[in-house]
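Please go through the model below with the following explanation at hand. It begins with the interface and then turns to single elements and residues.

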2 protein chains.
Amino acid sequence: MSELGPNAKLIGEKGSRARLDTPALLVDRDALERNIAAMAAHARACNVALRPHAKTHKSLEIARRQIAAGALGICCATLGEAEVMARGGVPGVHVTSPQVTEAKIARLVALAASPHRGLSVVVDHPANLAALDAAAQGAGITLDVLVDFEAGQGRTGVASEAALGALVSAALAAEGIAFRGIQSYSGNLQHIADRAERRARALAQTDRLAAMLTRLRDAGIAVPIVTGGGTGTFDLDPERRVFTELQVGSYVFMDVEYRHALADGRNALPFETALLVSTAVVSVNATGYVTTDAGLKCFATDGPEPEPLSGAPPGSRYEFFGDEHGRLVIPAGAAKPALGARIECVTPHCDPTVNLHDFYHVVAGDTLVDIWPVDARGKR
Amino acid sequence: MSELGPNAKLIGEKGSRARLDTPALLVDRDALERNIAAMAAHARACNVALRPHAKTHKSLEIARRQIAAGALGICCATLGEAEVMARGGVPGVHVTSPQVTEAKIARLVALAASPHRGLSVVVDHPANLAALDAAAQGAGITLDVLVDFEAGQGRTGVASEAALGALVSAALAAEGIAFRGIQSYSGNLQHIADRAERRARALAQTDRLAAMLTRLRDAGIAVPIVTGGGTGTFDLDPERRVFTELQVGSYVFMDVEYRHALADGRNALPFETALLVSTAVVSVNATGYVTTDAGLKCFATDGPEPEPLSGAPPGSRYEFFGDEHGRLVIPAGAAKPALGARIECVTPHCDPTVNLHDFYHVVAGDTLVDIWPVDARGKR
């Protein structure tokens, strides 16, 4: 078998999309390109920079397209992702989660010491800052650091303005550290369905951040980078001109959650579904449903269920049916898809869904035009 | 980095378990060996064969240990798993899901035509049987086939005794097919908590199967293999002497679900927890909890949450906290684990949890003694 999997031999063959070995993760090449271009145009219009989040796609090919469209770098959630991206030549890699253990700090400093342009990492605790400082000095480098501010989600970040100020001061004083700015990510706001509520809460959080930044700058502290934001607030984050760059990720694909959260009529998004899973019908003996070959090991299960988009009778519903199988429930009176028929589904939560696949099957119309590895899949 | 990941350099180092780069999937070598030995002894005592399900572990090393303990082969849920196992030298590979598409049938026949001992596959539809027959004849081989009977779960399998009889007859008549037996897997019974109910339903299903087998054999049809069963019914399936072999899988690891389903006092199991995830504390700024580095991308989310086993104050609770993070909720008054501290958790649903990891970190006591790849991870 090819290193690009069992479908490599179909690349370029007319009609190959319907004959793919399944289950297969699909990316619609043209929709992806339009999403990348639309976000780039939005950022230019708002005069904000983009450092899109590669935790969504984990792909060098997609990161390179984002850079080519004007992004100044990419964000990574794990150090393993950052290693893949930096070593793949992607510039400006920012690690958005604290790297705390001895093992991770050693890898981080090794990566920062390698010929790579612009690696940075967040820190949210003085003990972690001290450990990073010591390791950086030990390696004879200066490590770019942003202080992570807890912006409502409660996951990581300093919890108060006093703690923020103390950590910024410590970073400025540390010889192995270059203080680069503040990260403030409101993950808790991204999926609020009502746009007015989403806007009110996003702006309240941004105003709180702005006031703190003003006090830091009044104290003579330069804060070159203010990073945060997500696809759910992509049009709200730039409004107050507080963020210097956005970490948007899911806009490249638009999963079921983002379709539901944002397609409320009051907030038509300029992004399209670009990510699908193609699954085949493998059993048709039951009444009212057929069994497919894409289950828990093909779709993230932390959110909604997949949505059948093509190949299924209108009104069909997709349910998980174990690790390797799905159940396509057919409306009464509709004809069941045949054994071997392909169903294409919009994916639930795109980031962990992508993490279950080794390859993107890049499609244009009815044809498989390329296969891209999910380069940073499973990298910690 | 080594092809065995960032922890390869720690193999054999005393105390390395507490210094692993995290998150890391752990397998307790001695508990694993005891589980394999206990199931092998049980099967010998019941005079039933074992063909353990490799969908649980996806590992050549573990499959080889099961074979060495007396198993006559292993089961696989996907053709990709079967390719890895067969090409890795594991004998007697049985594929427990129908292989329906042209692409899968071509791969199946290629695998069956390769020098491998004892590949078999299930079939649940005459059209699929005809396609397998044609492909086998085209390749000049005979394909071993078992007819899949729907035993309550409704996922795959023929739905009636009449359909079973017709498909068996068709298999016997097909020149490219060797009919080898019946598969009857009651996945719906495995997690019934009450042992008396689990036993009553398992035996009722087995008796139904036995009656059908009697009628087939009375009609002069030899049924050499009757396969089914799972860890939840491992002691019930052999009771009626209907199954010739068991497909038990999860017993090698014992996840949170199986601990809860079976540790009800009435059914003390001779299997131990052998699978853990080691995670590090990466943020300690919140009140009442700490944030760890193992989230949705380290644990299956289709069932219960992970259970902290060591490193956490008694009464702590583990919650998912996004793709890359967990939240360890600490009881009031207990001391928070320190930044960088390791927490080891019993895993939820083991099969899809393992599928999220590239490596097993094999531990004995406080030491990392080996690293095994999850060979068939993500293979379809």
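A polar contact is a pair of N or O atoms within 3.5 Å, where within protein one atom must be able to donate a hydrogen and the other to accept it. The model shown is predicted. By that rule, 29 residue pairs, both members at pLDDT 80 or more, are in polar contact across the interface of chain A and chain B. Several elements of chain A take part: helix 3 (79-87), helix 4 (102-113), helix 5 (126-139), strand 10 (275-283), strand 11 (289-292) and helix 9 (350-354) each contribute at least two residues to the side that touches chain B. Strand 10 of chain A has the largest share of that side, with 4 residues. Sorted by class, the side of chain A that touches chain B holds 21 nonpolar, 21 polar and 18 charged residues.

Counted by contact, 60 residues of chain A meet 60 residues of chain B. The size of an interface is often given as the accessible area lost when the parts come together. Between chain A and chain B the buried area is about 4,600 Å², and carbon and sulfur atoms give 51% of it. The rule for salt bridges finds 8 across this interface. One salt bridge joins the side chains of K297(A) and E81(B), at 3.5 Å from N to O.

Within chain B, helix 2 (residues 60-68) has L60(B), I62(B), A63(B) and Q66(B) as its buried residues. Viewed down the axis of helix 2 of chain B, these residues fall within an arc of 165 degrees, so they line one face of the helix. They pack against helix 1 (29-46), strand 3 (74-76), helix 3 (79-87), strand 16 (359-364) and strand 17 (367-373) of chain B. At the start of helix 2 of chain B, a side-chain oxygen of S59(B) comes within 3.3 Å of the backbone nitrogen of E61(B). Just after the helix, G70(B) has a positive phi of about 115 degrees.

N47(B) sits in the loop between helix 1 and strand 2 (49-50) of chain B, and K58(B) in the loop between strand 2 and helix 2 of chain B. Are they buried or exposed? N47(B) is exposed, at 68% relative accessible area, whereas K58(B) is buried, at 0% relative accessibility.

Cis peptide bonds remain to be located. In chain A, the bond from T22(A) to P23(A) is cis, with omega near -10 degrees, and P23(A) lies in the segment before strand 1 (24-28) of chain A. In chain B, T22(B) and P23(B) are joined by a cis peptide bond with omega about -10 degrees; P23(B) is in the segment before strand 1 (24-28) of chain B.

Note on methods: Residues are numbered from 1 along each chain as its sequence is written. Chains are lettered from A and ligands numbered from 1 in the order in which they are written. This is a predicted model: local features need pLDDT of at least 70, side-chain atom pairs count only at pLDDT 80 or more; totals for chains, interfaces and linings use all residues. Side-chain values use heavy atoms; hydrogens and water are left out. Contact means heavy atoms within 4.5 Å. Buried area is the accessible area (1.4 Å probe) that two parts lose on being put together, summed over both. A salt bridge is a side-chain nitrogen of Lys or Arg within 4 Å of a carboxyl oxygen of Asp or Glu. Ala, Val, Leu, Ile, Met, Phe, Trp, Tyr, Cys and Pro count as nonpolar, Asp, Glu, Lys and Arg as charged, and the others, Gly among them, as polar. Buried means under 20% relative accessible area, exposed over 50%, partly exposed in between (1.4 Å probe, protein chains only). The arc is that of the directions from the helix axis to the C-beta atoms.
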